Amino acid sequence: MNTRKSDTLHIPLSRRQILAGATALSAAALFPVAAWADGSRLNVRAYLEPDDYDPLDASGFLEELLYGCIYRKLIQYVPGEEWAWQLDLAESIEQTSPTTIAFTLKQGQMWSDGFGEITAEDVKFSMDRHMVEENNSRIKPDLGTFTHVEVTGSHSGIIHMERPFAPIWTIALPYLAGTVICKAAVEAAGGKITTAVPPAVSGPYRVVEHRLGERWVLERNPDFSGEAADFERVDLIVVVDDSAAEIAKEAGDVDFTSVGAGSVARLRDNPPAGARMTVHPALFYHWVGLNVQNPKFADIRVRQAIMHAIDVPSIMQAAFFDVAEPSTGIIAPGLIGHRPQTLIAPQADFARARALLDEAGIDRLQINLDVLNNVIHTTTAQVMQAMIAQAGIDLQISVHESGSFWSLGVASDGERWRDLELTIKRFSMTPDPYYATAWFVSEQIGDWNWEQFSNAEFDRLHDEALSETDPARRDEMYRRMQDLMEESGGYRFLTHGVTANLFADSIVPATRPDGQPLVQFFRRA
Amino acid sequence: MLQYAFQRILLALAIVFVAISALYTIMITLPGDPTTVLLGPRATPEIRAEFRANMGLDDPVLMQIGNFWTRVLAGDLGTDFNRNRPVAEAVFNALPHTMALVFGAIFWSASLGILLGAFSADNRNSWLDRISGILSVGFIAAPSFVVALYSLLIFSVTLRWFPTIGAGEPGDLGSRLYHLVLPSFAIGLAWVGYVARIVRASMLETLGENYIRTARAFGLPRRVVIYNYALRVAILPAVQVLGVGIGGMLSSAVFAEIVFSRPGIGALIYDSVSGRNYPVVMGSMLVAIGFFVTCALIADLVNAALDPRHRVKS
């Protein structure tokens with residue numbers, strides 16, 4: 001009986017059929033997956049999933065990656081090596097007084113899906129809604145002293161500010177807060193974009209599908225009023241892990257990705273076939289911060305000793321794989337306020353550190369260093385631990401996962417912030433120095449100013465520089481502010497890091513000077 | 001059998017309740033202010049205050065847990081405040097991907113593991129058995145992420161047989177399965193070793209049973225005796241192990257979903273835990289634990305159905 005059962009399951013295959021099947025399988029196996037790739041399709045890696053389509057909920061560059069493809073602004077960043085902006089929706093835009101900017105829109109710029117022409121009312125709606133308290137815009141601070149847009153004609157208007165706000169040209173208008181959305185479409189959707197795909201777009205691409213947790217599928221927007229996009233389809237693919245993204249690029253599954261600093265030397269010496277790599281100085285800033293209010297560091301000589309005992313070149317070599325340069329402050333090269341050099345040289349001076357400790361009457365100093373559990377910062381901590389011991393300082397490293405780490409210095413999350421000693425942090429940055437210094441004013445203590453650095457001159461300069469429109473004067477003010485930070489003994493600046501991009505040689509990518517992709521300007525080679 | 005099933009279902013519900021309540025308590029007592037982590041540096045104090053109020057973070061812990069269960073019983077898993085969408089939408093969008101991954105891993109582990117185990121038992125103490133033993137232990141010892149990375153390097157980068165990322169085109173079963181091969185293999189390989197070892201031991205025990213000797217005495221072919229008679233009984237412990245092993249596979253799914261950039265519960269949990277996105281963490285955990293407990297329950301019931309001794313003992 002069992003034998004019969006076995007017979008019924010038997011699939012009769014002749015030897016010829018088996019051979020034919022095996023041959024077909026072998027042929028299929030030899031045919032590379034990439035051969036099916038369509039040249040009109042572009043796959044770009046996003047390292048996390050952007051939040052959603054509504055600029056009210058935007059929080060950073062990931063949203064900009066998506067918005068740049070589907071929405072337009074009055075002005076946009078120019079791809080290239082230098083920070084500059086170019087006209088986008090605006091035919092003309094100029095600062096007519098310290099607190100007003102007049103703009104005129106190009107004629108005939110259209111919304112998709114039959115929502116008509118883009119008007120000054122759309123610009124007013126898009127910017128003014130960030131100022132409405134109930135809307136809880138996350139990027140309201142980017143607009144600074146902006147108050148409202150006055151519509152002076154169907155295609156013209158005036159941007160009003162309470163007082164001069166220099167970053168409006170560098171942060172507000174060409175970045176997230178400057179994104180123009182369709183008033184009619186958003187109002188019809190209930191005042192907020194919560195739909196599966198945006199109701200109306202204006203950029204070179206439109207959203208076809210959002211596969212949650214996986215990718216955004218965009219296709220060429222037929223209603224785009226500018227020069228048609230080069231790619232029929234663009235996929236923004238969420239790949240969290242740098243190594244996975246690098247492998248995906250090598251396998252041909254993504255066309256453009258950033259890669260970790262650890263891969264730069266290897267890829268530069270031995271790039272994968274059909275790929276190119278570019279390395280850009282990033283805008284981020286990494287630093288070792290010291291809580292100047294902690295009684296343990298009340299003596300300035302102790303703080304200075306610690307700073308002298310941190311050897312930045314060693315950290316660059318071990319943690320940043322020798323591809324990043326030591327920084328001179330929190331403001332990156334190419335931006336107003338960048339300092340040519342630090343007050344304390346990047347190289348450690350252990351003898352000086354030891355002498356300062358002796359002067360302070362300290363034989364052996366024990367310090368706790370809190371770091372985030374990423375490879376770069378834990379390696380930095382280990383290098384510091386090994387080297388700082390030469391000055392008679394024992395470093396205890398505490399590693400935290402991100403949720404725990406980012407609340408260490410926050411007053412609303414307990415009392416830990418008061419007892420902080422040393423931390424290693426990295427902050428992101430926008431291309432205006434105001435964004436860098438904003439976190440270190442006195443009112444940020446208990447929030448983002450974990451060093452608890454409080455300096456009246458710094459606070460005043462930060463406030464004044466915001467409204468200073470003379471670039472030379474502004475430059476001087478921000479340099480002075482970084483001097484004050486360093487003089488406090490609370491900061492050892494490490495680096496701005498690098499952004500390395502690996503991409504197929506079949507495309508011509510467009511990036512900001514810091515290497516962040518501007519996908520809307522990507523072209524086929 | 002009915003009474004046994006009823007007892008098991010009650011126990012499963014109790015496990016889910018206790019596990020989720022304990023997890024909720026741990027989650028909200030962890031250091032890390034979700035308003036800081038979720039909203040980022042630009043958020044004003046007013047936005048943070050409103051966010052805390054919306055999330056109910058100012059309520060006492062017990063009240064938060066009570067509110068959570070009240071909502072769950074009403075079919076509401078809460079709202080993902082980071083992306084303004086219902087948690088249920090995110091979770092149930094991710095769940096099929098994780099289920100496919102886990103079932104794919106079970107397919108690999110069961111098919112290869114049972115074959116390897118049966119083959120080993122059939123050739124016990126031969127050099128083939130020894131090689132099979134080494135392979136099985138090697139599979140168990142190899143960390144899944146190493147298997148994943150090497151699979152990618154060999155089958156995707158070098159041979160270009162399989163894609164490295166994604167879950168395939170929606171609505172295209174072929175594409176979905178094609179994208180499932182490597183990630184499920186990476187998770188399932190370790191379980192191939194476990195299953196092979198268990199099946200081998202169980203087979204050797206079964207082959208010594210009287211009814212096997214009787215079957216042989218009747219002159220049935222060796223292949224039929226081993227694969228039709230002995231293996232049927234010998235795979236029972238493997239079914240039990242795979243049922244419980246789903247928990248381990250769910251854990252491995254976290255890294256597989258990240259390395260292979262697939263959507264899924266694991267990736268969702270990873271993302272939401274580091275972002276202190278409590279509603280998503282709890283919604284995902286509820287579904288993941290529910291899935292695990294259901295699979296263990298099914299394995300229990302299948303075992304009881306296949307082997308009456310099991311339910312009598314219980």
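This is a predicted model: local features need pLDDT of at least 70, side-chain atom pairs count only at pLDDT 80 or more; totals for chains, interfaces and linings use all residues.
Figure 1. Among contacts in chain B with a separation of 6 or more, 74% join residues 24 or more positions apart. The chain holds 14 helices and 2 strands. Its C-alpha trace spans about 85 × 55 × 35 Å along the principal axes. Of the 314 residues in chain B, 51% are buried.

**Figure 2. The contact between chain A and chain B.** Chain A contributes 60 residues to this contact, and chain B contributes 52 residues. Together the two chains bury about 4400 Å², with 51% of that area on carbon and sulfur atoms. Arg138(A), Leu212(A) and Ile247(A) account for 16% of the area that chain A buries against chain B, more than any other three residues.

**Figure 3. Salt bridges and polar contacts across the interface of chain A and chain B.** The count of salt bridges between the two chains is 2. A salt bridge joins the side chains of Arg211(A) and Glu169(B), with an N to O distance of 2.9 Å.

**Figure 4. The side of chain A that touches chain B.** Two or more residues come from each of the following elements of chain A: helix H1 (2-9), helix H2 (15-30), strand S10 (205-211), strand S12 (233-238), helix H6 (242-250) and helix H12 (402-405). H6(A) gives the most to this side, with 4 residues. By residue class, the side of chain A that touches chain B comprises 27 nonpolar, 13 polar and 20 charged residues.

**Figure 5. The largest nonpolar core and the surroundings of Leu218(A).** The largest nonpolar core has 100 residues, of which Ile159(A), Leu173(A), Leu218(A) and Phe440(A) touch the most other members. Helix H3 (residues 61-70) of chain A gives the most to this core, with 7 residues. When neighbours within four places in sequence are set aside, Leu218(A) is in contact with Leu66(A), Cys69(A) and Ile70(A), with Tyr205(A), Arg206(A), Val207(A) and Val208(A), and with Glu232(A), Arg233(A), Val234(A) and Leu236(A).

**Figure 6. Another nonpolar core, of 49 residues.**

Technical notes:
Residues are numbered from 1 along each chain as its sequence is written. Chains are lettered from A and ligands numbered from 1 in the order in which they are written. Side-chain values use heavy atoms; hydrogens and water are left out. Contact means heavy atoms within 4.5 Å. Buried area is the accessible area (1.4 Å probe) that two parts lose on being put together, summed over both. A salt bridge is a side-chain nitrogen of Lys or Arg within 4 Å of a carboxyl oxygen of Asp or Glu. A polar contact is a pair of N or O atoms within 3.5 Å; within protein, one must be able to donate a hydrogen and the other to accept it, and residues adjacent in sequence count only if both atoms are side-chain atoms. Ala, Val, Leu, Ile, Met, Phe, Trp, Tyr, Cys and Pro count as nonpolar, Asp, Glu, Lys and Arg as charged, and the others, Gly among them, as polar. A nonpolar core is a set of buried Ala, Val, Leu, Ile, Met, Phe, Trp, Tyr and Cys residues joined through side-chain atoms within 4.5 Å. Buried means under 20% relative accessible area, exposed over 50%, partly exposed in between (1.4 Å probe, protein chains only).
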